[in-house]
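Here is a short briefing for a first look at this structure.

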Amino acid sequence: MKISMICYTLTGQQTGEKLKTALEKEGHAVSLSTKSKYIPGSIKGSCAEWTGSQFETADSIIFIGAAGIAVRSIAPYVQNKKKDPAVLVVDECGRFVISLLSGHLGGANELAHRAADILHAIPVVTTATDLEGKFAVDVFAKKNNCQIFRMKEAKEVSAALLAGEKVGFYSEFPWEGELPKGMVWCRKKQYPESDSVEMSGQKANDTGHLLFEETDKASFPGMLFETVDGEPLPAVGIAVTIHKSCHPFFSTTHVVPPSVVLGMGCRKNKELSAVEKAAFGCLKEKDVYKEAIAALASIDVKKEEPGLLALAEKLGVPFITFSSEELLAVEGDFTPSSFVSKTVGVDNVCERSAVKAIESLWAKKVDFKTDMLAEVRHDGRESQKADTSHKDTGAYFIQRKHGAEGVTTALALGEWRMHFE
């Protein structure tokens, strides 16, 4: 974590040096600036100018001085809780540590407690969920390395828990631990195997589960959900999902794991517009958040391909490539192409590279034997999929090879597991 600190007095400088030394021992990159005519080497510009530059580059900002200085300094730069860095205020004597901004997603609350421990100070945290010991969905998302979307609905989750109301929890991924107090585990409604269920044009498979490839429609108006314990379905809830249209509850907050790999192939020097059209087109068609993409993958002959490099940068993900020998060694049933085989020495680039990237990122052998994601049971029993003869291998194709205008794409889902503390 990059932590920027600023102080205004000699006493504040001593407090800052103590914090800096301890935080650096924990592996953080810490800088301490001063703003005083009595301290040599102080910054020349205004405190507001210094703050503006730190908002662009720092993960956390610590003001060692009066809270008013901090408030006036950060005011022009505050955007929203998903973008703002953590901001703390420490009095110059190190008696109090105040979490001022971005307490949850920015980590200000956690850092305030750590700084207070170092200084033997009193942490001041004012967020309601922390004060009342309630579950905070934004903290849950951050600790599980996930993105959170639909922030208005996230506020409703906190409000419901604080009011003593039930909040639903639905997940497309397995999870561990105990649900926090006030939360109710929910799932897609289970149907008898003998029933032929059709809702809004969607059919259940022979196990009674709705098919993964059918969950990427524009909305979920016909899909029914239920609580596992038979209680009424809460109006407010959380969905751990990669799908934009997943709405089990009237008010649904989305927690999105970076669990998908986008495999791609393309003609040499393919224009960026065509590469982006193919990539974002498949994400839109499959209703997948772009923030669910963990990596872009291809063959090594494409490692300098301008369009793919630019796409990876735009997505903010690593671009991973593999040799033809590595791709040929990947086991599974892939969509072959004789032209591709003659050109690069392997019969399929996009599917094989997606699988290989998942093997690398998740450091495990995976298999792709089904094109659908079924709901995973928390009680440890085997997940039911369309092909129940296959054990849960932890990985699935969301989209098999699709080609258009000299670009091929494939989407693969890796294993992900959520944790409750």
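This is a predicted model. In it, α8 passes α9 in a right-handed crossing.

**Helices α8 and α9**

- The contact draws on L272, V275, E276, A279 and F280 from α8. From α9 come G307, L308, A310, L311, K314 and L315.
- By type, the contact residues divide into 8 nonpolar, 1 polar and 2 charged.
- Helix α8 covers residues 272-285, and helix α9 covers residues 306-315.
- Their axes lie 9 Å apart, at an angle of about 50 degrees. That angle makes α8 oblique to α9.

**R352 in helix α12**

- R352 sits in helix α12, which spans residues 350-362.
- Is R352 buried or exposed? R352 is buried, with a relative accessible area of 8%.
- A polar atom of the R352 side chain lies 2.9 Å from the backbone oxygen of L327.
- Leaving aside neighbours within four places in sequence, R352 is in contact with L327, L328, V330, F334, V346 and D347.

**A354 in helix α12**

- A354 also has its place in helix α12.
- The relative accessible area of A354 is 0%, so A354 counts as buried.
- Which residues does A354 contact, leaving aside its neighbours within four places in sequence? They are V261, G263, A297 and A412.
- A354 and L411 are 57 residues apart along the chain, yet 7.0 Å separates their C-alpha atoms.

Note on methods
Residues are numbered from 1 along each chain as its sequence is written. This is a predicted model: local features need pLDDT of at least 70, side-chain atom pairs count only at pLDDT 80 or more; totals for chains, interfaces and linings use all residues. Side-chain values use heavy atoms; hydrogens and water are left out. Axes are lines fitted to C-alpha atoms, for helices over the stretch in contact, and angles run from 0 to 180 degrees between N-to-C directions. Helices (H or I, at least four residues) and strands (E, at least two) are DSSP runs, numbered from the N terminus. Angles under 35 degrees count as roughly parallel, over 145 as roughly antiparallel, 65 to 115 as roughly perpendicular and the rest as oblique. A crossing is left-handed if the near helix is turned anticlockwise from the far one by less than a right angle, and right-handed if clockwise. Contact means heavy atoms within 4.5 Å. Ala, Val, Leu, Ile, Met, Phe, Trp, Tyr, Cys and Pro count as nonpolar, Asp, Glu, Lys and Arg as charged, and the others, Gly among them, as polar. Buried means under 20% relative accessible area, exposed over 50%, partly exposed in between (1.4 Å probe, protein chains only). A polar contact is a pair of N or O atoms within 3.5 Å; within protein, one must be able to donate a hydrogen and the other to accept it, and residues adjacent in sequence count only if both atoms are side-chain atoms.
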